[in-house]
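Please walk through this structure with me, one feature at a time. Keep the sequence and the model side by side.

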Amino acid sequence: MRLASGIRHLLFGTLAFLLAIGLSATYWAIAGRDSLLLRADNPRRIEALAAIQRGSIYDRNQQLLAETVTQAATLERRYYRSSTYSAIGYYSLRYGVSGAEAAYDDRLSGSPDTRSLGDFLDRHLLRLPQMGSDIRLTIDADLQDSLAAGLGDARGAVVVLNAWSGEVLTLLSQPSFDPNTLDDDWEDLVKADGQPFFNRALQGNYQLGGTMYTVLLAESIASRFDLSQPFPQADAPVEFEDGMTIGCFIAPEATELTLIDAYAYGCPAPFQAYFLAESRFDLDALLKRFAFDRPITLGGFPQPEPIDLPGVRSADQLDDETLALRAALGQGDLTTTPLHMAAIMAAVATDGSIKTPYIHSATRPPGKQPWQEISLNSASIPVFSAEAAQELRGVMRRTWSALQNDAGDAGAQVARSQSGEGAQIWLNGFVAKVDGAAFSFVILLEDSDDLARLLAIGQTLVEALDPH
């Protein structure tokens with residue numbers, strides 16, 4: 001009897017064990033299949049990724065920026081233009097993807113879905129490798145090269161847009177990294193002081209500072225304010241209750257300045273006086289009109305986030321009037337990115353409307369010719385009237401001419417934004433052509449007050465845009 005009872009227990013235990021194995025196998029075969037396959041340490045997944053013949057990336061002139069090559073019987077990703085590294089990003093089996101490599105990963109890697117009998121035969125029966133499509137970006141690699149050389153070892157960003165279409169011609173962030181040596185350099189890069197993985201053009205959320213004067217000047221034009229009105233003591237610094245002081249970016253030659261003069265020199269006092277005298281307009285509504293409540297971004301790319309800069313002094317104890325004034329002069333809580341400011345400059349350069357920026361222009365499936373153009377209807381956000389945009393262009397042309405003694409059809413504004421003890425300086429502007437083409441740009445230098453360098457990069461940009 002004891003033997004029979006033991007056999008029964010053994011039988012029931014074996015059956016329970018087999019049932020558990022069956023249930024487990026059923027779960028991992030059906031419900032948990034994807035989570036198992038997608039585990040980062042799954043060798044079959046890594047092997048499958050390593051076998052993908054990833055598509056190539058080209059610039060607008062079909063210059064090769066990145067491709068997959070065969071090296072010692074393995075596939076390796078190669079990158080060719082150092083000025084484009086921050087925009088292209090990286091592709092790594094160990095560390096994943098970033099930049100354009102991440103934004104267009106589905107196209108570059110090839111869809112794993114089976115959409116036709118031919119796909120099924122190729123992938124499952126013939127065991128042909130998964131192949132991705134080539135993509136063409138709107139970036140101009142030659143223009144990026146010129147601007148990267150001008151930026152040198154400075155920390156900052158440059159964005160250039162086709163003002164009418166929203167095409168991104170330049171998307172540059174410094175310092176950057178070399179994706180060709182990413183796996184070897186990773187530990188050093190993540191610890192680097194310059195945050196090379198941080199795309200300042202897209203993620204850098206900076207205080208507006210003097211760039212806010214474009215918004216106030218646009219409002220003064222729209223409201224028919226007398227722009228010839230002089231303001232006394234216009235060169236005086238503006239002091240806030242918490243001890244923060246902001247002054248002119250460039251020392252003016254006179255103590256009485258109009259708003260147009262103050263715009264050229266980056267002097268806050270006349271804009272303070274204008275805001276206090278004309279406070280009937282709704283600042284929040286004005287900022288929303290410039291889309292600051294819905295930041296301009298590139299889909300699939302890194303989104304704006306706070307940058308690691310010296311903190312702004314606490315405004316917790318300031319009264320509402322002081323907070324409003326700080327916001328009006330660009331030293332409040334409002335921040336923006338170089339991409340967003342370039343979109344605003346595009347509105348100035350054209351008809352007063354922001355065009356949604358884009359960077360992907362065409363796709364070429366494997367083995368196919370020619371390129372398949374991407375049809376994009378860039379959304380427009382009305383900011384101000386075409387007449388106001390024309391008047392703003394005139395002001396910015398005079399400002400650029402005074403800064404550079406330049407006769408070309410270009411306009412720009414220089415500005416400073418404070419962040420604690422540090423500062424960013426901006427050159428925001430446009431270039432127009434006789435054939436109607438127009439380009440907007442933003443150049444930002446981080447933790448810098450080097451106006452000469454800023455203007456030199458701007459002159460390089462204006463001259464480089466001439467062939468366009």
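The expected span of a helix is 1.5 Å times one less than its number of residues. Helices (H or I, at least four residues) and strands (E, at least two) are DSSP runs, numbered from the N terminus. This is a predicted model, in which local features need pLDDT of at least 70 and side-chain atom pairs count only at pLDDT 80 or more, while totals for chains, interfaces and linings use all residues. Residues are numbered from 1 along each chain as its sequence is written, and side-chain values use heavy atoms, with hydrogens and water left out.

Take helix H18 as a check on geometry. It covers residues 451-464, which is 14 residues. At 1.5 Å a residue the helix should span 20 Å, and the end C-alpha atoms of H18 are 20 Å apart, which agrees.

Buried means under 20% relative accessible area, exposed over 50%, and partly exposed in between, with a 1.4 Å probe and protein chains only. The buried residues of H18 are Leu454, Leu455, Ile457, Gly458, Gln459, Leu461 and Val462. An α-helix has 3.6 residues a turn, so residues three or four places apart point the same way. Contact means heavy atoms within 4.5 Å. The cover over these buried residues of H18 includes helices H8 (141-151) and H17 (386-404). It also includes strands E7 (156-162), E18 (410-419), E19 (422-432) and E20 (438-446).

Zoom out to the whole chain. It holds 18 helices and 20 strands. Of its 468 residues, 49% are buried. Among contacts with a separation of 6 or more, 66% come from residues 24 or more positions apart.

Next, a sheet. Two strands pair if DSSP finds at least two bridges between them. Six strands form an open sheet with mixed pairing, in the order E3-E2-E1-E6-E15-E16. Strands E3 (74-79) and E16 (372-373) stand at the edges with a single partner strand each, so one side of each has no neighbour in the sheet. Inside the order, E6 (residues 134-137) and E15 (residues 360-364) pair in the antiparallel sense over four bridges. Asp134 has Arg364 of E15 as its bridge partner.

What about the aromatic rings? Rings of Phe, Tyr and Trp (its six-membered ring) pair if their centres lie within 6.5 Å; planes under 30 degrees apart count as stacked, over 60 as edge-to-face and the rest as tilted. The structure holds 14 such pairs. Tyr213 and Phe271 are stacked, because their ring centres are 4.5 Å apart and their planes at 5 degrees. Tyr213 sits in helix H11 (residues 212-222) and Phe271 in helix H13 (residues 268-277), so the pair ties together parts 58 residues apart in sequence. Both residues, Tyr213 and Phe271, are buried. Phe225 and Tyr274 form an edge-to-face pair, 5.0 Å centre to centre with 75 degrees between the planes. Phe225 lies in the loop between H11 and strand E10 (238-239), and Tyr274 lies in H13, 49 residues apart.

Last, the covalent link. A disulfide is a pair of cysteine sulfur atoms within 2.5 Å. A search of the whole structure finds one. Cys248 and Cys267 form it, with their sulfur atoms 2.1 Å apart. The torsion about their S-S bond is about 115 degrees, so the disulfide is right-handed. Both Cys248 and Cys267 are buried.
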